[in-house]
Amino acid sequence: MTGSTAATFTADDYRARMGRAARAAAEAGLAGLLVAPGPDLVWLTGYTPPAVTERLTLLVLAAGQDPVLVVPALEAPDAHRAAGASALTLRDWTDGKDPYAATAALLDASGRFGISDNAWALHLLALQQALPGSSYASLTEALPMLRAVKDAAELDLMAAAGAAADATFEEIRNVLFAGRRESEVAADLDRLLRGHGHEQVDFTIVASGPNGANPHHEAGERVIARGDMIVLDFGGLRDGYGSDTSRTVHVGEPTDEERRVHDLVREAQEAGFRAVRPGAACQDVDRAARRVIADAGYGEYFIHRTGHGIGVTTHEPPYMIEGEERPLVPGMCFSVEPGIYLPGRFGVRIEDIVTVTEDGGRRLNTTTRELVIVE
């Protein structure tokens, strides 16, 4: 995660986000939120510490109180330059002082707080020792939808990231596949994503032939051959917002079975997309896509959820999975990515990022979902 979104959003944007987060915490029965370095801190303040170390950095949010960012004194100058700095109070501490006592003074001694999932156990345990009457819940548990609904500016950044991933696919489909290692094609994907503006590449899956039956196969030294089906799944962050798309290509002409399986996944992906609308449950998207594959007799080979949320990280709530009854809301962004994985043979996955609109859904990836033949 970089601080590149700082130039995109103003102090007023960050002030509004922090206020909204504090109110959401109060509505959830929490005394406040404690936000450690990571994507939540960047989203709320525009601040990325120069390094994540054992020194405590923590944003304290509570309804009716001004936001306070506790930072080590040696990093305070960087914090002051963050885009959201003027919307909060900075409280620095020097080595040799107790940062937990200083932080505890800002908190309700018997309160229950939401805390970043990625907060260090070192810091959480020290806060519990300073405030033995306090209790904590992870932000994913307490406020899973904190970042789920994107505003217009965020949606523009998501669309730009999706377009960059699409441009990457349009170029990668023209490179030579046969006779090259998966790792070489993965390096091409990395280079192309960065060339189209990504500052961070999170994954470049190139799963050829039987490796395609492993949804999270890491590109290795297998040499791609004619007749291979290849799952390509790639994405990362562009201007701080995520891309993630999957397309399945084939080296030379596919068999009738390979075409049939690919067409089935494409039909399932379309069904999942058409299930997207405000008020529908997240699980409805999963059910729509899964039904197509199950009805065709391949249900046991669709082995993962249909989708995941995406924003300032490439995987976050909400999740399109059975049992998730949370309703879809305009501005949510998530993947729709059914797949079929035939062990020892091949796999197929087709994935778009979709955002919920006022009357349905909009794809942020628009490259062809037909089976592409490569050389």
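# Exercises: a cavity, ring pairs and a buried arginine

The lining of the second largest cavity consists of Leu56, Leu58, Ile115, Ala119, Trp120, His123, Leu124 and Leu127. The model is predicted: local features need pLDDT of at least 70, side-chain atom pairs count only at pLDDT 80 or more, and totals for chains, interfaces and linings use all residues. Residues are numbered from 1 along each chain as its sequence is written, and side-chain values use heavy atoms, with hydrogens and water left out.

**Exercise 1.** Find which helix gives the most to the lining of the second largest cavity.

*Solution.*
- Start with the term. On a 1 Å grid over the protein atoms alone, a cavity is a set of points where a 1.4 Å probe fits but cannot get out; lining residues have an atom within 4 Å of a point.
- Count next. The structure holds 2 cavities of 30 Å³ or more.
- Take the volume, the space filled by probe spheres set on the points. For the second largest cavity, this is about 30 Å³.
- Now the helix. Helices (H or I, at least four residues) and strands (E, at least two) are DSSP runs, numbered from the N terminus. Helix H5 (residues 121-130) gives the most, with 3 residues.

**Exercise 2.** Classify the ring pair of Phe9 and Tyr241, and say which parts the pair ties together.

*Solution.*
- Apply the rule. Rings of Phe, Tyr and Trp (its six-membered ring) pair if their centres lie within 6.5 Å; planes under 30 degrees apart are stacked, over 60 edge-to-face, the rest tilted.
- This rule gives 4 aromatic pairs. One of them joins Phe9 and Tyr241: the centres are 6.3 Å apart, the planes are at 55°, and the pair is tilted.
- Place the residues. Phe9 lies in the segment before helix H1 (11-27) and Tyr241 in strand S9 (residues 241-251), so the pair ties together parts 232 residues apart in sequence.
- Check burial (buried is under 20% relative accessible area, exposed over 50%, partly exposed in between; 1.4 Å probe, protein chains only). Phe9 is buried at 4%, and Tyr241 is buried at 1%.
- Widen the view. Ring pairs link Phe9, Tyr14 and Tyr241 into a cluster.

**Exercise 3.** Is Arg147 buried or exposed, and what does Arg147 contact?

*Solution.*
- Locate Arg147: the loop between helix H6 (139-142) and helix H7 (152-172).
- Read the area. Arg147 has a relative accessible area of 12% and is buried.
- List contacts (heavy atoms within 4.5 Å). Leaving aside neighbours within four places in sequence, Arg147 contacts Pro39, Asp40, Trp43, Val312, Thr313 and Glu316.

Terms used:
On a 1 Å grid over the protein atoms alone, a cavity is a set of points where a 1.4 Å probe fits but cannot get out, and a pocket is an open set with protein on both sides within 12 Å along at least five of seven lines; lining residues have an atom within 4 Å of a point.
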